[in-house]
Amino acid sequence: MNQLDELSRTLIFEGRRLEPVSLEHNIVGFCSKCDMDLESLAYHTTESNWLVCAHCKNEHLILMRYDRQWNWQGDYDLEICKEKVNVSSIAKEKLEAVFTQAEIRDMLACQQGLPYTRQNLYRARAKYEKFETLFGIKIDV
Ligand SMILES: [Zn+2]
């Protein structure tokens, strides 16, 4: 399934990560499911294609593929996703303001697929909301 990140509008298309080249909102056609107008959410490019992510008012999502001359090539399924924050990319000072060393260690271990102590992770999870309030970063491990 092709995924569009809710915040960054990065597109995961056939396993590739594509940064948006435009976030223009244009009417780009009609929804094949409900006939409402389709509005673009983001535009992406590859070497040979334009990719347009669009949705209708009923939240049907679609990914339209065009060649470089804007000839339509096909429609694809699309879903909106929320990229998980990589804990290792968060400044240590911020983590340490809320979490203990053991909690930080086990959040990292869990995200990296390594063994961790469940209790530490449970304790850390109870603080995610506080962390989000303080730093505006939503952790989801
Ligand atoms: Zn629709």
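1. A contact here means heavy atoms within 4.5 Å. With that in hand, a first look at the fold: among contacts in the protein chain between residues at least 6 apart in sequence, 38% join residues at least 24 apart.

2. A word on provenance before the details. This is a predicted model, in which local features need pLDDT of at least 70, side-chain atom pairs count only at pLDDT 80 or more, and totals for chains, interfaces and linings use all residues. Residues are numbered from 1 along each chain as its sequence is written, and side-chain values use heavy atoms, with hydrogens and water left out.

3. On secondary structure, the protein chain has four helices and nine strands; these are DSSP runs numbered from the N terminus, with helices being H or I of at least four residues and strands being E of at least two. Reading from the N terminus, the order is β-β-β-β-β-β-β-β-β-α-α-α-α. The radius of gyration of the protein chain is 19 Å, well over the 14 Å that the globule rule gives for 141 residues, so the chain is more spread out than a compact globule. For your own check, that radius is taken over C-alpha atoms, and the rule is 2.2 Å times the number of residues to the power 0.38.

4. Along its principal axes the C-alpha trace of the protein chain spans about 55 × 30 × 25 Å. The chain is divided into domain 1 (2-81) and domain 2 (87-135), with bounds that come from an automatic or database domain assignment. The C-alpha centres of domain 1 and domain 2 lie 34 Å apart.

5. Now to burial and surface. Of the 141 residues of the protein chain, 38% count as buried, where buried means under 20% relative accessible area, exposed over 50% and partly exposed in between (1.4 Å probe, protein chains only). The accessible surface of the protein chain comes to about 8,700 Å², and 49% of that belongs to carbon and sulfur atoms.

6. F99 deserves a click in your viewer. F99 sits in the loop between helix 1 (92-98) and helix 2 (101-111), and counts as buried at 4% relative accessibility. Leaving aside neighbours within four places in sequence, F99 is in contact with I104, M107, A124, K127, Y128, F131 and I139. The C-alpha atoms of F99 and A124 are separated by 6.5 Å, although these residues are 25 apart along the chain.

7. Helix 2 continues the story. Its buried residues are E103, I104, D106, M107, A109 and C110, and they pack against helix 1, helix 3 (118-125) and helix 4 (128-135). Just after helix 2, G113 takes a positive phi of about 75°.

8. Among the strands, have a look at H55 in strand 6 (residues 49-55). H55 is buried, with a relative accessible area of 16%. Not counting residues up to four places away in sequence, H55 touches D37, L38, E39, L41, H60 and L61.

9. Finally, two backbone angles to inspect. Most residues other than glycine have a negative phi. R9, not a glycine, has a positive phi of about 60°; R9 is in the loop between strand 1 (2-5) and strand 2 (11-13) and counts as buried at 19% relative accessibility. E14, also not a glycine, has a positive phi of about 45°; E14 is in the loop between strand 2 and strand 3 (16-18) and counts as exposed at 63% relative accessibility.

Methods
Areas by Shrake-Rupley, 256 points an atom, 1.4 Å probe, with all protein chains shown as cover.
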